[in-house]
Amino acid sequence: MRRRPDGNMQDMSESGPGEDVAAKMERDADELDERIDKLEEHISDAKRAAQARREEAAPGEAVAGDSEETRGTPGQGDDPEGAVDD
């Protein structure tokens, strides 16, 4: 074993300052690619879930408070007979 510059011990089999930099960069790049793939999957899942919630909330464009569906019929809202003195 030998001591690394940070004070921790390192096996002789572990690479040190003479490590093949290209190999380390390749491993790091592969790890980043895997992480990116996982993030893309999470983003896609979130987009699908959001779309499903939008469709559940507004099936066929029928949204609560739609002015066309909330208009009363003629006579609606009149006071019941006898409720108001004439």
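Reader: Let's start with Arg-35: why is this residue called partly exposed?

Author: Arg-35 has a relative accessible area of 49%. Buried means under 20% relative accessible area, exposed over 50%, and partly exposed in between (1.4 Å probe, protein chains only). So Arg-35, at 49%, counts as partly exposed. Keep in mind that this is a predicted model, where local features need pLDDT of at least 70 and side-chain atom pairs count only at pLDDT 80 or more, while totals for chains, interfaces and linings use all residues. Residues are numbered from 1 along each chain as its sequence is written, and side-chain values use heavy atoms, with hydrogens and water left out.

Reader: What makes Arg-35 and Glu-31 a salt bridge?

Author: The closest N and O atoms of the two are 2.7 Å apart. A salt bridge is a side-chain nitrogen of Lys or Arg within 4 Å of a carboxyl oxygen of Asp or Glu, so this pair qualifies. Both residues sit in helix α1, 4 residues apart, about one turn of the helix. Glu-31 is partly exposed, at 38% relative accessibility.

Reader: How many salt bridges does a search of the whole structure find?

Author: It finds 3. Another one joins Lys-24 to Asp-28, with closest N and O atoms 3.2 Å apart. Because they are 4 residues apart in helix α1, about one helical turn separates Lys-24 and Asp-28. Lys-24 is partly exposed at 36% relative accessibility, and Asp-28 is partly exposed at 33%.

Reader: And what makes Arg-48 and Asp-45 count as a salt bridge?

Author: Their closest N and O atoms are 2.3 Å apart, and that is within 4 Å, so the pair counts. Arg-48 and Asp-45 are also both in helix α1, here 3 residues apart, about one turn of the helix.

Reader: Which residues form the negative surface patch?

Author: Glu-26, Asp-30, Asp-33, Glu-34, Asp-37, Glu-40 and Glu-41 form it. Asp and Glu count as negative, and patches are made of residues with over 30% relative accessible area and no salt bridge, like charges being joined within 9 Å. Asp-33, found in helix α1 (residues 21-57), has 44% relative accessibility, so Asp-33 is over the 30% limit and also counts as partly exposed.

Reader: What is the confidence in helix α1, and what is it in helix α2?

Author: pLDDT is the predictor's confidence in each residue, from 0 to 100. Confidence in the protein chain is highest in α1, at 95, and lowest in helix α2 (residues 67-70), at a mean of 55. The chain averages a pLDDT of 76, and 49% of the residues score at least 70.

Reader: How much of the protein chain counts as buried?

Author: Of its 86 residues, 2% count as buried.

How values were computed. Patches are made of residues with over 30% relative accessible area and no salt bridge: like charges are joined within 9 Å, nonpolar side chains (Val, Leu, Ile, Met, Phe, Trp, Tyr) within 5 Å. Accessible areas come from the Shrake-Rupley method with a 1.4 Å probe; for residues, only the protein chains shown count as cover. The place of a charge is taken as NZ of Lys, CZ of Arg, CG of Asp or CD of Glu. Helices (H or I, at least four residues) and strands (E, at least two) are DSSP runs, numbered from the N terminus.
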